[in-house]
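Biologist: I would like to learn how to read the packing of helices and strands from a model, one feature at a time. Could we go through it together, with the general idea first and the case at hand after it?

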Amino acid sequence: MKAAVLNAFGTPLAIETLPDPVLGTGEIIVDVAAAGVANYAGGVFSGARNYLLEPPVVPGPGGIGRVRATGPDATKLAVGDWVFCDPTIRARDDAINPDMILQGWTAVSAASLPLHRFYHHGSFAEQMLLPTENVTPIGQIDAADAGRWCALSSLLVPFGGLLAIDLRAGETLVVNGATGGFGSAGAAVALAMGAARVVATGRNGRALDDLVRRFGARVQPAQMTGVEADDRRRIIELAGGPIDCVLDLLPREANASQVLAAVLAVCPGGRVVLMGGVGRQGGTDLALPYPWLMRNDITIRGKWMYAREAVTRMVRLVRAGIIDLGKFDVTEFALDDANEAVAHAAANAGPLRLTVLRPDR
Ligand SMILES: NC(=O)c1ccc[n+]([C@@H]2O[C@H](COP(=O)([O-])OP(=O)(O)OC[C@H]3O[C@@H](n4cnc5c(N)ncnc54)[C@H](OP(=O)(O)O)[C@@H]3O)[C@@H](O)[C@H]2O)c1
């Protein structure tokens, strides 16, 4: 099969012919139709992000494809089914605290390296091998739409967080970092889950206005200044009532005071989910006032990725027309042009924008 291979950190992806994957029990082989390219992929491949990824490797965290072969234990999946390939692989030998990897992207810790070495290659290839449980049917689609369906990867991350804090219909939510790739998807998901109002924060006023244009008046654009007290006042004003939840998706370049501006705006009983990268570059850590947390029954939790069932639930939201994949702008590249795709993704990061590789073309 043809694949884009990262032979060493700091080298361009090489388009090579590799042996086809070999099927085992408990596994599925998928013909990859479309694979999303993250805006920070270049930072992963240069080594700057220090991801636990062992080259040589075919990178690429998941995507959309068609089942090529099923193991003998698959009960529902059939050859030809259109599927979402979930890169979140959990070790099968610990049901409560499984070691995890993002296939073709990063091992969460050194303990999960055996999993990374076995399910080594990702989706920047014509075929990939996955555990059966990581392959979810999406129903019949037109092959031309496979790139657009890669939006599932962006939507699932905030969906995982919003399920974790149990966002309810009619509630008000702050999405911190709403002009980013995952933050903008978070606004879309929150609206689909019935949020009455989404206060969308960001520094880029034009990107915020664009979110309002796409999603309507339930989105309130809160342009951030970096002055914590002013920013919090603005968030509270725009919420127009109690703020029930915060979904934080600020990147590692942001600082803890930008997180505080949103977190301290929640009402008594408020729930906050932290999903971003703040603190990963060092700097001041997030310091929350103990008495405020205690007196106000505040829940703060972290979330990495999403539970397995979230994938099927998200597919249902799309199929029901509650999430509109048409809101995403998609730019596609052939597998041969993988390095151009990586450069394009970096230069075009922003709300509801997807860069996609099409190994099927
Ligand atoms: N928990 C998980 O499972 C999970 C999964 C995937 C990704 N993530 C993390 O999610 C985070 C967001 O990823 P992304 O791809 O959406 O990032 P992104 O597209 O770069 O968006 C970042 C957002 O933060 C704002 N921002 C950028 N630099 C900033 C700075 N220096 N100070 C304050 N705000 C800044 C941006 O908008 P403005 O310029 O308008 O302010 C934008 O709203 C990353 O840290 C990523 O690692 C987490």
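Modeller: Let us begin with handedness: a crossing is called right-handed if the near helix is turned clockwise from the far one by less than a right angle, and left-handed if the turn is anticlockwise. Please keep in mind throughout that this is a predicted model.

Biologist: Which handedness does the crossing of α4 and α5 have?

Modeller: The crossing of α4 and α5 is right-handed. Two packed helices are described by the angle between their axes and by the distance between those axes. Here the axes of α4 and α5 cross at roughly 65° and come within 8 Å. On the α4 side the contact consists of S154, L155, V157, P158, F159 and L162, which meet G181, F182, A185, G186, A188, V189 and A190 of α5. Sorted by class, this contact of α4 with α5 has ten nonpolar and three polar residues, and no charged ones.

Biologist: At what angle do helix α4 and helix α10 pack, and how far apart are their axes?

Modeller: Helix α4, residues 151-164, packs against helix α10, residues 309-319, at an angle of about 115°, and their axes are 10 Å apart. Because angles of 65 to 115 degrees count as roughly perpendicular, α4 is described as roughly perpendicular to α10. The crossing of α4 and α10 is right-handed, and the residues that make the contact are L152, L155, L156, F159, G160 and L163 from α4, together with A310, V311 and M314 from α10. By class, the contact of α4 with α10 has eight nonpolar residues, one polar residue and no charged residues. L155 and F159 of α4 are listed in the contact with α5 and also in the contact with α10.

Biologist: Now to the sheets: in what order do the six strands of the open sheet lie, and is the pairing parallel or antiparallel?

Modeller: In general, strands of a sheet pair through backbone hydrogen bonds, either parallel or antiparallel. In this structure the six strands form an open sheet in the order β13-β12-β11-β14-β15-β16, with parallel pairing. Its edge strands are β13 (219-223) and β16 (299-302), each of which pairs on one side only. If direction is ignored, neighbouring strands of this sheet are turned by 15° against each other on average.

Biologist: Where are antiparallel strands to be found?

Modeller: Three strands form an open sheet in the order β6-β7-β8, with antiparallel pairing, and the edge strands there are β6 (88-90) and β8 (106-107). Strand β7, residues 100-102, pairs with β8 over two bridges, and I101 has A107 in β8 as its bridge partner. Elsewhere, strand β3 (residues 27-36) and strand β4 (residues 63-70) run antiparallel and are joined by six bridges, with I29 standing opposite A69 in β4. Strand β4 is also joined to strand β5 (residues 82-85) by four bridges, again in the antiparallel sense, and here F84 in β5 is the bridge partner of I64.

Biologist: How many residues surround the ligand, and which are the closest?

Modeller: The ligand is surrounded by 27 residues, of which G180, G202, R203, N204 and G277 are the closest. By class, this shell has twelve nonpolar, eleven polar and four charged residues. Helix α5, residues 181-192, gives the most to the shell, with three residues, and α5 is also the helix that packs on the sheet against β11, β12, β13 and β14.

Methods
Residues numbered from 1 in each chain as written. Predicted model: local features only at pLDDT ≥ 70, side-chain atom pairs only at ≥ 80, totals over all residues. Pairing = 2+ DSSP bridges. Axes fitted to C-alpha atoms, helices over the stretch in contact; angles between N-to-C directions. Parallel < 35°, antiparallel > 145°, perpendicular 65-115°, else oblique. Contact = placed C-beta atoms within 7 Å. Nonpolar A, V, L, I, M, F, W, Y, C, P; charged D, E, K, R; others polar. Near = placed C-beta within 6 Å.
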